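Let's take a friendly look at how the chains of a protein model can pair up. Have the sequence and the 3D view ready as you read.

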4 protein chains.
Amino acid sequence: MTDQYRPKPEHKFTFGLWTLGNRGRDPFGDAVRATFPPNDIVATLGEIGAWGVNLHDNDLVPIDATPADRDRIVREFKKACADNGVVVPMATVNLFYHPIFRDGAFTSNDPEVRAYAVQKTLRAMDLGAELGAKVFVLWGGREGAETDACRRPDEAVKRLREAVNYLCEYSNARGYGYKFALEAKPNEPRADIYMSTTGHYLGFIPTLDHPEIAQAWEAGKLFHIDLNDQMPGRFDQDLRFGSSNIKASFFLVKFLEDVGYTGSRHFDAHAYRTEDMEGVKDFARGCMRTYLILKDKAAQWNANPEIQSILRDLNKTAPGCPPVGKYSQSGAAALLGHAFNRDKILEKRLPYERLDQLTIDILTGAQC
Amino acid sequence: MTDQYRPKPEHKFTFGLWTLGNRGRDPFGDAVRATFPPNDIVATLGEIGAWGVNLHDNDLVPIDATPADRDRIVREFKKACADNGVVVPMATVNLFYHPIFRDGAFTSNDPEVRAYAVQKTLRAMDLGAELGAKVFVLWGGREGAETDACRRPDEAVKRLREAVNYLCEYSNARGYGYKFALEAKPNEPRADIYMSTTGHYLGFIPTLDHPEIAQAWEAGKLFHIDLNDQMPGRFDQDLRFGSSNIKASFFLVKFLEDVGYTGSRHFDAHAYRTEDMEGVKDFARGCMRTYLILKDKAAQWNANPEIQSILRDLNKTAPGCPPVGKYSQSGAAALLGHAFNRDKILEKRLPYERLDQLTIDILTGAQC
Amino acid sequence: MTDQYRPKPEHKFTFGLWTLGNRGRDPFGDAVRATFPPNDIVATLGEIGAWGVNLHDNDLVPIDATPADRDRIVREFKKACADNGVVVPMATVNLFYHPIFRDGAFTSNDPEVRAYAVQKTLRAMDLGAELGAKVFVLWGGREGAETDACRRPDEAVKRLREAVNYLCEYSNARGYGYKFALEAKPNEPRADIYMSTTGHYLGFIPTLDHPEIAQAWEAGKLFHIDLNDQMPGRFDQDLRFGSSNIKASFFLVKFLEDVGYTGSRHFDAHAYRTEDMEGVKDFARGCMRTYLILKDKAAQWNANPEIQSILRDLNKTAPGCPPVGKYSQSGAAALLGHAFNRDKILEKRLPYERLDQLTIDILTGAQC
Amino acid sequence: MTDQYRPKPEHKFTFGLWTLGNRGRDPFGDAVRATFPPNDIVATLGEIGAWGVNLHDNDLVPIDATPADRDRIVREFKKACADNGVVVPMATVNLFYHPIFRDGAFTSNDPEVRAYAVQKTLRAMDLGAELGAKVFVLWGGREGAETDACRRPDEAVKRLREAVNYLCEYSNARGYGYKFALEAKPNEPRADIYMSTTGHYLGFIPTLDHPEIAQAWEAGKLFHIDLNDQMPGRFDQDLRFGSSNIKASFFLVKFLEDVGYTGSRHFDAHAYRTEDMEGVKDFARGCMRTYLILKDKAAQWNANPEIQSILRDLNKTAPGCPPVGKYSQSGAAALLGHAFNRDKILEKRLPYERLDQLTIDILTGAQC
């Protein structure tokens with residue numbers, strides 16, 4: 001591999017313990033890889049040039065560990081991180097693997113399950129804080145239903161709100177300073193998921209007691225992103241970043257770089273089930289390499305004179321056209337009184353086929 | 001048809017001029033039905049027992065009508081509504097049919113197109129207000145892209161916000177008292193749509209200057225709904241309500257009735273292309289009939305003793321389990337200190353297969 | 001439950017050991033139910049009125065069983081079947097669970113894996129034959145790819161053909177008299193599956209040395225069907241039959257009954273993860289009950305005078321219209337010479353909205 | 001543009017009259033471009049280096065043209081083709097635009113519509129033959145249903161078979177020598193389409209009287225292909241070839257070139273609705289350019305030593321492993337008697353992440 005695409009700490013590439021540690025279990029098949037111990041994963045991440053490691057509570061500490069075991073595990077993990085120059089920017093909680101969450105965690109019908117889920121999350125927040133994490137992710141993978149007969153969806157959302165409000169207060173009370181990242185899931189593993197898109201969470205967040213905890217970039221607050229790839233309309237594939245749809249991955253990288261995103265580039269993906277341990281490294285290296293290739297393409301795109309000329313022309317205003325801007329009585333009067341010439345407006349060219357072909361040329365290296 | 005399912009004004013069933021007037025044009029085929037003049041549609045709606053009619057500006061007034069034509073058309077339409085006992089609860093604006101909107105209306109790159117789109121909407125708001133509408137729908141069918149090269153998505157959302165803020169101010173300035181309903185579209189007609197789900201709009205609304213204009217029910221503010229049916233993963237089919245997925249339609253009707261929804265039951269669907277004018281009536285009658293059948297099923301479901309007994313059991317709290325509720329230091333201490341017995345919690349039955357089969361029994365009439 | 005919908009042997013309802021024995025493992029969660037021993041499943045099937053049980057080799061015999069273990073297990077299973085009046089109409093082979101099949105079985109790049117897969121299948125055929133099965137199912141769940149770089153798809157199809165030809169010869173040589181049912185999978189568990197639809201298999205079958213082994217009904221040879229339910233565009237949900245889309249399930253049942261299908265009604269589905277053992281029974285009972293409800297609806301549909309009258313009218317020929325039928329020179333001359341009146345033809349009504357509403361009425365019991 | 005990717009006749013690039021002539025009509029919007037007369041399209045195709053032009057009957061000859069008009073139009077079109085060095089390799093028939101086909105053509109319930117559809121097709125075959133076409137495409141865009149209540153699907157397939165058999169006989173009787181290409185459609189424009197995948201047609205073809213007319217490549221007979229691009233799970237987008245999924249387009253081009261496909265590279269796509277006439281040319285040029293870029297990448301891929309070395313290793317046989325091959329009694333005995341060592345087999349590496357990353361490197365030009 002050329003030096004040009006070598007990952008460095010300033011690229012802020014991170015992987016989850018669960019991504020390199022993924023053993024390839026699926027609904028129809030058993031694990032294909034041996035357990036990859038957390039401290040070994042950290043060593044590998046250091047070796048291949050990643051900046052950080054993220055984790056669920058139970059990725060590191062077994063669900064039935066004693067307090068003494070827990071403390072020893074954490075101590076050794078912190079040492080491994082320090083030895084390998086790897087930071088822990090994000091933590092999260094596993095509210096989906098154990099059968100107790102088979103009907104949801106925060107939205108379960110059983111108040112005891114809901115209470116247990118909150119307790120487990122508070123402890124995971126303690127763990128993350130101890131490791132230095134400043135972002136806490138919540139993924140409601142079991143917050144859904146197979147039959148709407150079991151609970152009304154508005155009741156589920158109320159319960160979710162109660163829980164997240166609680167967690168925010170706890171973060172404040174302990175001075176953890178977490179930002180909470182709420183993660184959607186459109187398809188699996190329940191028949192239907194309550195918060196199936198990021199948009200759903202964007203609607204949910206302002207109803208919280210502390211809505212300042214999360215937003216997507218356009219509103220100024222993106223602070224964490226999961227990168228992977230996927231063929232649309234399939235199960236959750238979590239393929240190596242950029243390996244399925246190069247163009248969509250390109251526009252995502254370009255957006256992050258254009259807006260000056262400073263958070264982790266976190267790869268929430270995993271190696272094919274066909275891979276062995278060496279292949280897991282190939283997978284992780286590939287995620288970072290493709291990101292850097294696409295980042296370089298984004299710079300080429302921004303520097304391309306023909307592209308920039310087309311974009312400038314597209315956004316020109318016709319002389320005499322009244323502006324919209326902020327509403328005012330006089331502005332509205334001017335706008336309502338203006339005679340638009342639809343045929344004339346239609347003459348303006350929109351050379352998007354050309355613009356898109358230039359993008360393809362840059363992506364394939366046919367034009368640099 | 002039995003009397004039991006006869007639509008009455010208090011059911012608040014409404015149809016758009018564009019639904020009964022749909023001529024069956026599609027990407028591969030020409031219109032199959034003659035023009036259905038607006039005043040005739042109103043007469044038909046009165047005849048079949050609908051409560052109201054909704055419209056886009058150009059469903060009633062051609063885009064190139066003179067002011068005099070416009071006034072005459074509106075006068076005659078108001079008379080037709082009055083004669084047939086049909087109200088106009090909702091109005092909207094067509095920002096998608098004319099080629100001028102081929103690259104968007106409020107989000108177009110061309111400032112002149114954006115200005116024209118706002119002007120056209122202000123006039124459509126005047127029209128709706130004159131007809132008595134209190135809900136104004138915005139559907140951004142062209143607010144999308146074929147290639148992300150043409151504009152950054154955050155720029156598009158900024159433009160959309162500017163426009164909607166402007167419309168809200170105008171509604172206030174004129175004393176129209178509109179509620180704005182923002183309508184998403186996941187699939188067509190652009191390759192990608194910026195606001196593709198209701199969740200996206202729920203996230204967008206709080207960033208407006210007047211966020212009080214719209215919300216979904218769970219937050220207490222649903223005031224308009226479009227009813228139709230669809231096979232998932234297909235183009236926008238707009239089938240007769242309840243005709244594709246009976247169970248999903250049932251849970252939707254049950255939700256609206258359970259929460260005491262008082263707005264229009266608006267059917268945004270259209271007859272199969274195979275139908276003639278009589279078939280269009282069959283279609284409209286079927287929408288209302290199936291709604292009333294399902295409303296009746298919802299009452300059966302709520303009254304079913306076995307269902308209610310299962311639901312009660314599902315929501316019982318175990319003795320000694322600490323509540324979550326609102327965060328407090330002492331509450332958190334109690335919660336953190338509680339020893340949960342996961343195995344014991346798992347013993348609680350969740351008889352959802354039975355609950356769902358009871359639902360199927362009620363839906364099929366196998367059990368009443 | 002009423003007697004009317006009680007399952008009886010003549011309904012030929014069957015379940016797989018893997019369906020009742022499903023432990024609810026999924027990509028994000030552990031098993032939620034205890035092991036359900038095969039002989040206990042057979043007892044349960046007898047109790048709830050199922051006719052038969054189907055199985056993969058390893059549902060009954062562990063992959064590493066000794067020959068002596070294998071023989072004892074089979075002997076005891078045959079006794080359980082006999083004791084409970086349960087037959088074994090179908091057998092299949094598990095070529096997907098063990099990691100050895102992580103890159104396919106019959107289509108693997110490794111010739112040794114391909115040889116092992118064939119050996120394992122021959123032994124599964126021996127097992128099925130010993131239990132009396134006459135249908136052998138092949139599901140190529142691992143016959144796919146994550147990257148097309150790993151093998152050309154035409155090479156994969158060639159290998160699949162070689163294997164299936166081999167199995168057919170073996171069935172003939174041993175006198176097993178199997179029919180092979182080739183089962184498609186559109187979505188999981190590989191990123192792409194080579195034979196993703198039944199149509200793909202219908203195209204594949206005629207290229208076999210013994211193409212007489214399989215066809216779909218229209219060609220006269222459907223002999224096995226898997227029944228379950230699913231929300232389109234999601235992962236493989238395998239929901240209780242009829243629980244998601246009542247109408248689609250109805251038309252499937254109606255088709256099977258109309259054409260006089262005499263094979264097993266095999267439910268390849270499983271209980272929700274939320275269920276315990278009693279819930280697994282609820283699930284199995286519900287599959288059969290809903291089938292019988294829908295079979296009863298199909299009889300109502302066929303007996304409905306308005307439906308039958310519409311169908312008769314739809315298929316009437318206009319006087320003077322030349323027939324198509326089998327090609328002949330004189331027939332073609334007549335057809336080419338005929339002057340069709342398109343406007344006149346268009347006047348014929350196609351009252352499909354009415355026809356479909358009558359179907360909804362019957363399905364909901366609003367009209368019997 | 002560099003010379004390297006200039007299209008030449010030997011590349012056999014073809015476009016339909018309907019692709020360059022597409023006026024951008026969609027379900028929600030009017031035409032955005034003026035009519036592009038067929039003879040002008042042919043001139044444009046000559047100018048940009050395409051080899052051929054394909055057409056539906058009514059792309060060239062209006063549905064209500066008199067015989068004299070028809071003959072004049074055809075004469076002038078042949079001259080335009082000759083003048084511009086453009087051939088007509090394929091013809092087809094429009095059985096979807098006119099309302100008469102609103103419930104299907106060959107599968108319509110109305111025998112008169114079926115007869116008219118066959119007549120129209122015979123005449124389209126005459127037209128194609130006169131223009132030199134040797135491939136005749138059938139696309140059953142209206143052969144589907146909104147409600148299964150209207151006809152049984154097996155009846156629809158019977159009617160389709162009858163029609164296609166008739167067309168084959170006519171082709172033979174007139175000595176046209178056509179190959180028929182049967183084109184599937186998964187989504188639009190009916191709610192459900194009978195032949196929704198190529199697999200369905202592969203199953204259908206062997207039931208014809210002349211099954212030799214069509215097959216996909218693996219069986220040795222691919223003779224026509226439509227090239228475009230699409231985001232999965234959306235409406236039929238027909239985007240510029242290679243513009244959405246570069247990698248999938250690459251593997252398609254690689255397959256066609258690897259197997260020595262000699263037929264037309266036909267682009268069944270159309271320009272964005274945002275384009276004017278110049279943009280339509282950009283679109284057409286882009287289709288061909290991207291094909292040639294990807295063809296060049298395919299050659300790089302085949303010549304890459306690391307890729308070839310991985311592929312060789314993947315396909316090696318372990319010593320002592322019995323072959324499968326053709327069935328024989330002794331071979332089966334050897335196979336059944338062989339002791340496979342699953343753990344040993346599992347040690348073989350399958351470095352697909354590496355293989356796929358090399359593919360991404362080549363596609364992006366990061367490695368040549």
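Predicted model: local features only at pLDDT ≥ 70, side-chain atom pairs only at ≥ 80, totals over all residues.

## How the chains pair

In general, a rotation about an axis and a shift along it relate two copies of a chain. Chain A and chain B can be compared in this way too: chain A is laid on chain B by a turn of 180° and a shift of 0.0 Å along the axis, with an RMSD of 0.0 Å. These two copies are thus related as by a two-fold rotation axis.

Which surface do the copies use to meet? For chain D, 100% of its interface residues are also interface residues in chain C, so these copies meet through the same surface. For chain A, 100% of the interface residues are also interface residues in chain B, so here too the copies meet through the same surface.

## The two interfaces in numbers

Here are some values for each pair.

| Pair | Residues in contact | Buried area |
|---|---|---|
| Chain D and chain C | 80 residues of chain D with 80 residues of chain C | about 7,100 Å² |
| Chain A and chain B | 80 residues of chain A with 80 residues of chain B | about 7,100 Å² |

Carbon and sulfur atoms give 64% of the area buried between chain D and chain C. On the chain D side, the residues that lose the most area to chain C are Tyr166(D), Tyr327(D) and Arg342(D), together 11% of what that side buries.

How many salt bridges are there between chain D and chain C? The count is two salt bridges. In a salt bridge between the two chains, the side chain of Lys348(D) meets that of Asp110(C), at 3.9 Å from N to O. There are also 25 residue pairs in polar contact across the interface of chain D and chain C, with both residues at pLDDT 80 or more.

Several helices of chain D each supply at least two residues to the side that touches chain C, including helix H5 (111-131), helix H6 (153-174) and helix H13 (352-364). H6(D) gives the most to that side, with 11 residues. Sorted by class, the side of chain D that touches chain C has 38 nonpolar, 16 polar and 26 charged residues.

Of the area buried between chain A and chain B, carbon and sulfur atoms give 64%.

Look for Asp110(A) and Lys348(B), whose side chains meet in a salt bridge (3.9 Å, N to O). Polar contacts link 28 residue pairs across the interface of chain A and chain B, both residues being at pLDDT 80 or more.

Among the elements that give two or more residues to the side of chain A that touches chain B are helix H8 (246-258), helix H10 (305-314) and helix H11 (329-337). Which helix gives the largest share of that side? The largest share, 11 residues, comes from H6(A). By class, the side of chain A that touches chain B holds 38 nonpolar, 16 polar and 26 charged residues.

## A closer look at H6(A)

H6(A) has 22 residues and reaches 32 Å from its first C-alpha to its last, close to the 32 Å expected at 1.5 Å a residue. After H6(A) comes Gly175(A), with a positive phi near 70°.

Methods:
Residues numbered from 1 in each chain as written. Chains lettered and ligands numbered in written order. Heavy atoms only, no water. Contact = heavy atoms within 4.5 Å. Buried area = accessible area lost by both parts, 1.4 Å probe. Salt bridge = Lys/Arg side-chain N within 4 Å of Asp/Glu carboxyl O. Polar contact = N/O pair within 3.5 Å; in protein donor to acceptor, adjacent residues only side chain to side chain. Helix = DSSP H or I, 4+ residues; strand = E, 2+ residues; numbered from the N terminus. Nonpolar A, V, L, I, M, F, W, Y, C, P; charged D, E, K, R; others polar. Least-squares fit on C-alpha atoms with pLDDT ≥ 70 in both. Expected span 1.5 Å × (residues − 1).
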